[in-house]
Amino acid sequence: MGHGDYSVDRRTIRATSAGYYSKSRDDVFTQSRERKIHESMNPNGVKVRESCDSAEHPNTVPIQLYLDVTGSMRDIPHHMIKEGLPTLIGTLTQNGIPDVALMFGAIGDHECDQAPLQIGQFESGDAELDMWLERTWLEGNGGGNAGESYLLAWYFAGNHVRTDAFDKRKKKGFVFTIGDEPCLTILPQAAVKEIMGATATGQGMYMHEQLLKKAQEQNHVYHIHVEHDGRAPYHWADLLQQNLIVVKDYTLIPKTISDIVLSFKDEFAGATSPVATTDKIML
Amino acid sequence: MITYLGIGLGCGDEGKGRVVSALASRFPGKTIVVRFNGGPQAGHTAVVDGHRHVFSSFGSGTLTGAPTVWSRFCTVNPTAFLNELDLLRQYDPRIYIDPMCPVTTPYDVRANRMSATNMKHGTVGVGFGTTLERHEKHYKLCFGDLYNETVTKLKLRNIQEYYNDDMPFDDFLEDVKAMIGYNGVRLFHGVASLTNGMERIIFEGAQGILLDQNYGFFPHVTRSNTTGQNALELITEWRLQKPLIYYITRCYQTRHGNGPMTYEGMNPGIKYPEETNKDNTYTGKFRKGALDLDLIAYALKCGHVPFAHSTVVITCLDHLSDPRRDNIRIGNSALTITKEELTERIDRSPFHIDEFLFSDADSGDLK
């Protein structure tokens, strides 16, 4: 996966005719009417999602972007499809990272949602990326429990993602989770089996720290916490230290992500640069 | 914060106290224990540093300093509370009691002990069932009421009428005063103020699933939900994470007093050490029998919580007469089986068990 080309101009024309700027959220995200996960985004049975280099994109920079699709967070995917996505990819391309391979994931709550994890594919083209975003089911439950399942993003990134960037060039990719709740800390094996089916990995339960560590082996892992009514970002700072970014205005998220990725630009430019430290971003 | 839920798979006496105490001792000062069913009729034994205590009115984490939350599903008996507090004062126990907890009065205890029907059904004789029955009939006295003497007296007079029992209540009022005057007793106003800085919250079940009012063998049941049902209700309400569940059983069957029991005649292959559960005037004989895998499978099914991490803890292995402690008698087979075989056979029940742990009665360590 990871073909296609991102053209901001072409995308603007297509987005206008697709009605991204005028349609309601439920008209853009059609799974809301179906009330179920799009089969192509169902992680059940998925062994691995791959980000591969190609002639078109010889130097892929894999980015996994996991959006919380519970409750109030559903406005963020809508903003992404309206203007966030072209801002994000456009900024990266203009600033010298032309080979972005972006994969969307959606995060719910493994304690109470039907589809706590949805997974797209790594893509570089504007049409393909819009397609995965459109297919995302904004389930919207989340439940009044202790948090959401951001740890599923780390589970997937650590166990079911393979990238040429790391395998061929020892370059870490990026994992971003975006949400407004604490992270659930336990992922029982029964929940993994329910989500992944036959391709579930591991035995026994997972703790969030353990999954985070695994994901960090091949990725720079960030969490963007969307702050409402001034509440502290729960335990996130303890988990991620400087890799926790707090934003009050969610329209700043695409810019935040492109800034972070760009701060690693040198690393991706030079074929043999050392693995970068993660303490460059302080917002 | 991580949530634990400990429940018994049998008729009580499974070793819940020891398991809760072992879990609480891992994070001393950072653990809360919540009781979510029954009342002071429970007798949960914990041993810490040679100090042995049978918990009834406090949570089993008290010896390692864990405060107790006494939730609205539990009854309170001020007299029993004071007796137990006397034994625990050196630990400065703290307990947060829900104002809606039903209060057991001496009238409830007397009615319980005088009822021939209760005796036949297997009572513990501390007035738990009669208290709840009275509450169902609207003659209520709740823990929050005790802070208002006028209200307490008016309600006690109604209770005298309800039972047609004119025993005076002066002694009881003294006990009430002493209980609410103890500075470790606080009214419970939500869990949020208590969980700050805490690492673990343990829901301690009382009795066992086979005594549940819905799943047990009526009429030999207790008037409460002995599965995790009440705990899960509180967990949802308090916005806690889904619990890690510990299903607890001894390596043999036990039962207090009357009620059905399988393989009672079969020697479960144990020594008969001095232990908590002596024959009691009201509870009747403490009965023992070989383990019944069908009943364990049934209890696991009744207590099943979808997608939760499930652990089965098998306790009291040091009661086995086999010195290797690996020779467990099950009634469903003529042979004794090893611990490993036992775990395999329990895991054949319809629901997958993620983990098995073993413990002794004298140490309580989980392995």
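User: Which residues lie nearest the centre of the largest cavity?
Analyst: G10(B), T249(B), Y252(B), Q253(B) and T254(B), out of 16 lining residues. A cavity is a set of points on a 1 Å grid over the protein atoms alone where a 1.4 Å probe fits but cannot get out, and lining residues have an atom within 4 Å of a point. This is a predicted model, where local features need pLDDT of at least 70 and side-chain atom pairs pLDDT 80 or more, while totals for chains, interfaces and linings use all residues. Residues are numbered from 1 along each chain as its sequence is written, chains are lettered from A in the order written, and side-chain values use heavy atoms, without hydrogens and water.

User: Which elements give two or more residues to that lining?
Analyst: In chain B, β9 (244-250), β10 (253-256) and α9 (293-302). Helices (H or I, at least four residues) and strands (E, at least two) are DSSP runs, numbered from the N terminus.

User: What volume does the largest cavity have?
Analyst: About 160 Å³, counted as the space filled by probe spheres set on the grid points, which are joined across faces, edges and corners. The structure holds five cavities of 30 Å³ or more.

User: Switching to the interface: how many salt bridges between chain A and chain B?
Analyst: The rule finds one, with a side-chain nitrogen of Lys or Arg within 4 Å of a carboxyl oxygen of Asp or Glu. E181(A) and R239(B) form it, at 3.9 Å, N to O.

User: Which helix of chain A gives the most to that side?
Analyst: Helix α8 (residues 189-196), with three residues.

Notes
1 Å grid on protein atoms, 1.4 Å probe; cavity = no way out; pocket = protein on both sides within 12 Å on 5 of 7 lines; lining within 4 Å.
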